[in-house]
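Visitor: Please show me the model, and then we can go through it by question and answer.

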Amino acid sequence: MLGVFSREIVTPPEELVAAGNRSPSPRTTALALLKRFIKCNLSSVSIQIGDQVNLAYSRQNESLLQPRSLGVKDDIFCLFQGMLDNLGSLRQEYGLAKSADGVMLVIEAYKALRDRAPYPPSHVIGHLAGNFAFVVFDKTTSTLFAASDRSGGVPLYWGVTADGFVAFSDDAEMLKGACGMSLASFPKGCFFSTAVGGLISYENPKNKITAIPAAEEEVWDATFKVEGTAVLAARE
């Protein structure tokens, strides 16, 4: 899956920008990245939302235990990969039909978070059990919301393209050419939200997250750490 967002939607995290400015760090544009994704995934589905957002996914080489999907409801777009172990109980909690899948559940959870303020994001995401990663874009509020499960069972990577777009994908190789040294593993057990102002651990929401740059000889990947806990995102 692939999601790219312009600076009008999200300010690139300083840690990723700083890593991307290291030399040498060749990168390409968000448009070139999208074209490469479509070329490499002939069965892909893509959606463009204005000039600020592009979302795409494909079921090519998909794992049975980590299916990919794209859902849209009420101008909320969601890329989802993985499975929710407690999907049945969550359907009841959110009043959804038995046919509702993981991507629709995440959309409903996001709506609850958005509309029932001050409902804490850590509480909403903390209720999701299983291996998953998702990227949500709310067109109505121009909000980006991304998250990864506690164990990092579904890989999620992010970086900054040559033209300043923030890109998310489950495919590190896909992002390498576009993001260069700014490419990093998205930290497990965390969420990123433009509405609340950045990257937060949903298990330790009050703890600050810092980024440790990769060694100069490394090709990519800063390491994110929640203060007071173990390192959350190590190089793959």
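Visitor: In which strand does Gln81 lie?
Guide: This is a predicted model, in which local features need pLDDT of at least 70, side-chain atom pairs count only at pLDDT 80 or more, and totals for chains, interfaces and linings use all residues. Residues are numbered from 1 along each chain as its sequence is written, and side-chain values use heavy atoms, with hydrogens and water left out. Helices (H or I, at least four residues) and strands (E, at least two) are DSSP runs, numbered from the N terminus. On that numbering, Gln81 lies in strand 5.

Visitor: Is Gln81 buried or exposed?
Guide: Buried means under 20% relative accessible area, exposed over 50%, and partly exposed in between (1.4 Å probe, protein chains only). Contact means heavy atoms within 4.5 Å, and beyond four places in sequence Gln81 touches residues including Met1, Arg68, Asn131 and Asp170. Its relative accessibility is 4%, so Gln81 counts as buried.

Visitor: Why is strand 7 described as largely enclosed by the rest of the structure?
Guide: On one side Thr143, Phe145 and Ala147 are buried, and on the other Leu144, Ala146 and Ser148 are buried. Strand 7 is largely enclosed because its buried residues number six of the six.

Visitor: Which residue in strand 7 is the bridge partner of Val135?
Guide: Strand 6 and strand 7 form a hairpin with four residues between them, and Ser142 in the turn has a positive phi of about 55°. Across the pairing, the partner of Val135 is Ala146.

Visitor: Which residues of the largest nonpolar core touch the most other members?
Guide: A nonpolar core is a set of buried Ala, Val, Leu, Ile, Met, Phe, Trp, Tyr and Cys residues joined through side-chain atoms within 4.5 Å. The largest one has 30 residues. Those touching the most other members are Phe5, Leu55, Leu144, Trp158 and Phe168.

Visitor: How many residues are in the other core that lies apart from it?
Guide: Among the members of this other core are Phe80, Leu84, Ala109 and Ile125. Its residues number 28.

Visitor: How many disulfides does the structure hold?
Guide: Cys78 has 0% relative accessibility and counts as buried, and Cys190 likewise counts as buried at 0%. A disulfide is a pair of cysteine sulfur atoms within 2.5 Å. The number of disulfides is zero.

Visitor: At what angle does helix 2 run to strand 1?
Guide: Another open sheet of six strands has the order 2-3-1-9-8-10. Axes are lines fitted to C-alpha atoms, for helices over the stretch in contact, and angles run from 0 to 180 degrees between N-to-C directions. Helix 2 (residues 30–40) lies across strand 1 (2–5), strand 2, strand 3 and strand 9, and its angle to strand 1 is about 165°.

Definitions and conventions: Pairing = 2+ DSSP bridges.
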